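Me: Please take me through the charged contacts and the metal site here, with the cut-offs behind each term.

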Amino acid sequence: MKILVLGSGAGGGFPQWNCNCTLCAGQRHGRVQARPRTQSSIAVSDDGEHWALLNASPDLGHQLRSQPQLQPRHGTRHTPIAAVLLMDAQIDHAAGLLSLREGPPIELYCTPCVFDDLNTGLPLLPALQHYCGVRPHLLPVAGSRSEADFEIDGLPGLRWQALAIPGKAPPYSPHRHAPAVGDNIALHIEDRRSGRSLFYAPGLAAVGPREQAWMQAASCVMVDGTFWTEDEMPHAGLGAKTAAEMGHLPQCGQAGRPGMLQALDRLDGPRKVLIHINNSNPILDEAGPERQALARHGIEVAFDGMEIEL
Ligand code: MLT
Ligand code: MN
Ligand code: ZN
């Protein structure tokens, strides 16, 4: 299985267009050693010819322009993108669907919750019916069903499992304050030939025993790296919301709430990668002490253009 990181940043990317924080301004003016990042999305393939997009970021047009493996190869109009899977309905993960409107109907894999949100609070799907059209494939993760196995046409070499995880519905969702199973999912993707697998969860609010077991079963985990600390945004004067209020587990824990570092420390074997890094997170600074701490824990930070083969 081939994995391409198209975007490794959280909502707004890095540097964020309107942000003058130490990291964003430092990156812009060369004072901080940090790569720019577009909003998070990865692409996965079993053969390098057919690809599934995991989330469609608002930066998708730019990401496809800079990624030759996802560009047209045959005839006058063509795309190697066979399917789009959504982990949630957040703007930074779904708005890129609009950038696919010139192509064939979008084979869209998402939960019923996400499908509803994209038909109501953020009606991208009805709008797209006037362009390429969307063929929905609903993943039965809803109500009492928290896991589902599924297949994707065009990628027969991969075995897919979706799993409901703790998180939040988007701020615009009609049920933002009534969380439901299927608002947020993680994926476990196994390559049938190599037997190796990826656990992908760019938004993950907590790692309970279930999530921990799924992560341990994977060859590589690529998980929520949004924040270093719980109150990073309010502390830097960048916003009122804490990590928990936004549905993210910070790397550093607090009393009674172990952080992502502790969850990853418990894993024995899998390659560990953080993705969906917010522009406020000090791990963006490649020369900073937080990045050195990650290295001591054996944790990598995804970057735009990163490639992983499993
Ligand atoms: C989030 O995951 O909370 C987002 O990155 C917020 C956003 O898209 O603005
Ligand atoms: Mn996000
Ligand atoms: Zn910033």
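Me: Which side chain meets R101 in a salt bridge?
Reply: This is a predicted model in which local features need pLDDT of at least 70 and side-chain atom pairs count only at pLDDT 80 or more, while totals for chains, interfaces and linings use all residues. Side-chain values use heavy atoms, without hydrogens and water, and residues are numbered from 1 along each chain as its sequence is written. A salt bridge here is a side-chain nitrogen of Lys or Arg within 4 Å of a carboxyl oxygen of Asp or Glu. At 3.9 Å, N to O, the partner of R101 is E102.

Me: Is E102 buried or exposed?
Reply: Buried means under 20% relative accessible area, exposed over 50% and partly exposed in between, with a 1.4 Å probe and protein chains only. Because its relative accessibility is 55%, E102 counts as exposed.

Me: How many residues apart are E107 and R135, which meet in a salt bridge?
Reply: Their side chains meet at 2.4 Å, N to O. Strands (E, at least two residues) and helices (H or I, at least four) are DSSP runs numbered from the N terminus. E107 lies in strand 5 and R135 in strand 6, so that the pair links distant parts of the chain, 28 residues apart.

Me: Which residues coordinate the manganese ion (ligand 2)?
Reply: Donors are N, O and S atoms within 2.8 Å of the metal (3.2 Å for Na, K and Ca), and water is not among the atoms, so sites may look incomplete. At 2.1 to 2.2 Å, the ion is coordinated by D92 (OD) and H276 (NE2).

Technical notes:
Chains are lettered from A and ligands numbered from 1 in the order in which they are written.
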